Amino acid sequence: MAEEPGSQSVPSQSQPPQSSSAAPLGSSVIPIVNKLQDIFAQLGSQSTIELPQVAVVGSQSSGKSSVLEALVGRDFLPRGNEICTRRPLVLQLLQTKRKGDCSGEEEWGEFLHLPGKRFYDFSEIRSEIQAETAKEAGGNKGVSDKQIRLKIFSPNVLDITLVDLPGITKVPVGDQPSDIEARIRTMIMSYIKKPSCLILAVTAANSDLANSDALQIAGNADPDGYRTIGVITKLDIMDRGTDARNLLLGKVIPLRLGYVGVVNRSQEITVLLILHELDIMLNRSIKDALAAEEKFFRSRPVYNGLADRCGVPQLAKKLNQILVQHIKAILPGLKSRISSALVSVAKEHASYGEITESKAGQGTLILNILSKYSEAFSSMVEGRNEEMSRSELSGGARIHYIFQSIFVKSLEEVDPCEDLTDADIQTIIQNATGPRTPLFVPEVPFEVLVRKQIARLLDPSLQCARFIYDELIKISHRCLVNELQRFPVLRKRMDEVIGNFLRDGLEPSETMIGHIIEMEMDYINTSHPSFIGGSKAVEIAQQQIKSSKVSLAMPRQKDALEPDKAPASERSMKTRAILARQVNGIMPDQGVRPVSEVSPAGSTNVSSWGISSIFGGGDHSRVSAKENSTSKSYNEPAQSMESFDQSMIHLREPPTVLRPSESHSENESIEIAVTKLLLKSYYDIVRKNIEDSVPKAIMHFL
């Protein structure tokens, strides 16, 4: 039916070359492309091969649906005054052979989502399109980008594949979002930007071609115009005295593939109709519309000489011819892409191996997979992997890097005294002595401080175990053998089992690390051969104080005695008893006793330093000081109550927060220096133990 008007509107001398050249190639190539499109449509976004097709674009109510119905020769698309195409409709027209008198079953439609079901009633096709549109886009003018794929089999069509896209609209209505225009334009561009897609730009003749939305968006996707075909619709309702000749000749906006003018079946109100009703409301058939279109062009002399650019039959032939030529041009590249994809898929298919039916064979296969996996995992950890990387560290090399370059190096960079000030150490020393004034450095402050520094080693040790655990998880993912690709469920289950296995090893390793730190904290071994010891610490501290005496000179406290009355034995006492504290509040008449009274001649208990002088051994000095204090208290004369009341001394209340003095005496400076030396010495011993024990615990349990 569609070819009869075309034979009248096209000159007889130009018709045979087109049909003879296009039909054989089109009838064999286009159906193959359609089959590929159906296959790739089921793959969805996984397909990366672009197939040739024709996309129909235009503004809302520009006549796109009428053009498609005219190409098919049947009325099957939703129609109305508002937006009708709300989902992309992929329309595949397939030409069939005539069956003689069985004209009722010569034409039918099939939907891809309803395989095997034929629709001989085209009104049912319209209903199915409306139902599928409402299912995805809703019933209130919403828009969706999910395709509807429809095949039309008819002897009256030429092999063409078209995509009817939603019309470009400006103002949102119903459930449409506020950015409906931008969304529709984005949807259209996703189709027409592909070089394999031809663009059918539909524009109404009663609108300004320079403001055509279809030509504007087609120009963005195809600036050179090699893929764009212009369609001028509604030529019959142009203003009286105007025509579209210059438009069809490309004198207004030229296109390389040219224009085709058609007369729509839609809103034409003819003078011959007395009731001035619409053609669609009269249910005018496509056959009658094509005949009226032919009559319209024959009755308009202005369109003489443009027969090959006027009418729906000419548009169908032009589309078929251009589509075949387009397929012919891109066919070599398309074949190459499909061949390379086929090779890749064939390799993947070969890697899956043969299907094993018996349970014994399946058990053997799983055992082989597990054995290969265990061997691959061990090889990566031990550095025996054949596919060893040359660009980065991997496997066991990364584990060694974590142990040595991260864990050990981080511990060596830590200073145990970095968060301890001299005031902190002095405060701890004074708090450890209680109400007494110590003569030597007590042992308790050293143990308190060193335990705090040992406890700091717990967190980095646990982090090291976590790093190794994460690295082993990465190794387990990298060493999956090829056979596991056949069994994604087994691969997933193996990941779960391996993760649980490594977590089961992580827990005892963390527990062991905690025990190692606790053992170091529970027993402070000052007899360790590498420990600096008290005598060495005092000697080094004296050298440090002596060397920095000029820069760290501190104001001396006033002596209780006059300078000229101070005996020489006092200066000797200060140099010998360097750790003896000064008692605050000494009265002027309470002079320091001579050394001869404190220590008998020939005694060396105070004049020399050693382990016993730091951590004990000062009982004799304590007793002497106590006796001196007691004797003084009994020798003081008693005061009468009257004189006591007259000369009462009021003491100020102690502050709420009491801190040690910011200025340190020489003795206090030596105490602080000795404590720091002891702390650093013992911390280095513990650090080396941790650096050796923690990696061993991690390797043992993980």
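Q: Helices here are DSSP runs of H or I, at least four residues long and numbered from the N terminus. In which helix does Ser379 lie?

A: Ser379 lies in helix H10, which spans residues 359-382. Note before going on that this is a predicted model. Buried means under 20% relative accessible area and exposed means over 50%. Ser379 has a relative accessible area of 9%, so it is buried. Setting aside residues up to four places away in sequence, Ser379 touches Arg384 and Asn385.

Q: How many helices and strands are there in the protein chain?

A: The protein chain has 22 helices and 8 strands. It has 702 residues, of which 39% count as buried. The accessible surface is about 40600 Å², and carbon and sulfur atoms hold 53% of that area. For contacts between residues at least 6 apart in sequence, 80% join residues at least 24 apart.

Q: Is Met189 buried or partly exposed?

A: Met189, found in helix H5, counts as partly exposed at 24% relative accessibility. Its contacts beyond four places in sequence are Ile217 and Ala221. Met189 and Ala218 are 29 residues apart in sequence, with their C-alpha atoms 8.6 Å apart.

Q: How do I read the faces of a strand? Which residues of E7 lie on one side and which on the other?

A: In a regular strand the side chains alternate between the two faces of the sheet. In E7, Thr228, Gly230 and Ile232 are on one side, Ile229, Val231 and Thr233 are on the other, and all are buried. With 6 of its 6 residues (228-233) buried, E7 is largely enclosed by the rest of the structure. E6 and E7 run parallel and are joined by 6 bridges. Leu200 stands opposite Ile229 in E7.

Q: What is the phi of Lys234?

A: Most residues other than glycine have a negative phi. Lys234 has a positive phi of about 60°, although it is not a glycine. Lys234 sits in the loop between E7 and H7, and it is buried, with a relative accessible area of 10%.

Q: Which residues is Leu248 in contact with, leaving aside its neighbours within four places in sequence?

A: Leu248 is in helix H7 (residues 245-248) and is buried at a relative accessible area of 1%. Its contacts are Ile232, Tyr259, Val260, Gly261, Tyr303, Leu306, Arg309 and Cys310. Leu248 and Cys310 are 62 residues apart in sequence but 8.5 Å apart in space, C-alpha to C-alpha.

Q: How should I read a record's annotation? At which residues does UniProt place the feature "domain: GED"?

A: An annotation in UniProt may be inferred rather than shown by experiment. The UniProt entry, which is unreviewed, places "domain: GED" at residues 672-702. In the model, that span is 97% helix and 0% strand, with its end C-alpha atoms 43 Å apart. Helix H22 covers residues 666-701 and contains Arg687. Arg687 counts as buried at 10% relative accessibility. Beyond four places in sequence, Arg687 touches Leu411, Glu412 and Leu457.

Terms used:
Residues are numbered from 1 along each chain as its sequence is written. This is a predicted model: local features need pLDDT of at least 70, side-chain atom pairs count only at pLDDT 80 or more; totals for chains, interfaces and linings use all residues. Side-chain values use heavy atoms; hydrogens and water are left out. Helices (H or I, at least four residues) and strands (E, at least two) are DSSP runs, numbered from the N terminus. Buried means under 20% relative accessible area, exposed over 50%, partly exposed in between (1.4 Å probe, protein chains only). Contact means heavy atoms within 4.5 Å. Accessible areas come from the Shrake-Rupley method with a 1.4 Å probe; for residues, only the protein chains shown count as cover. Two strands pair if DSSP finds at least two bridges between them.
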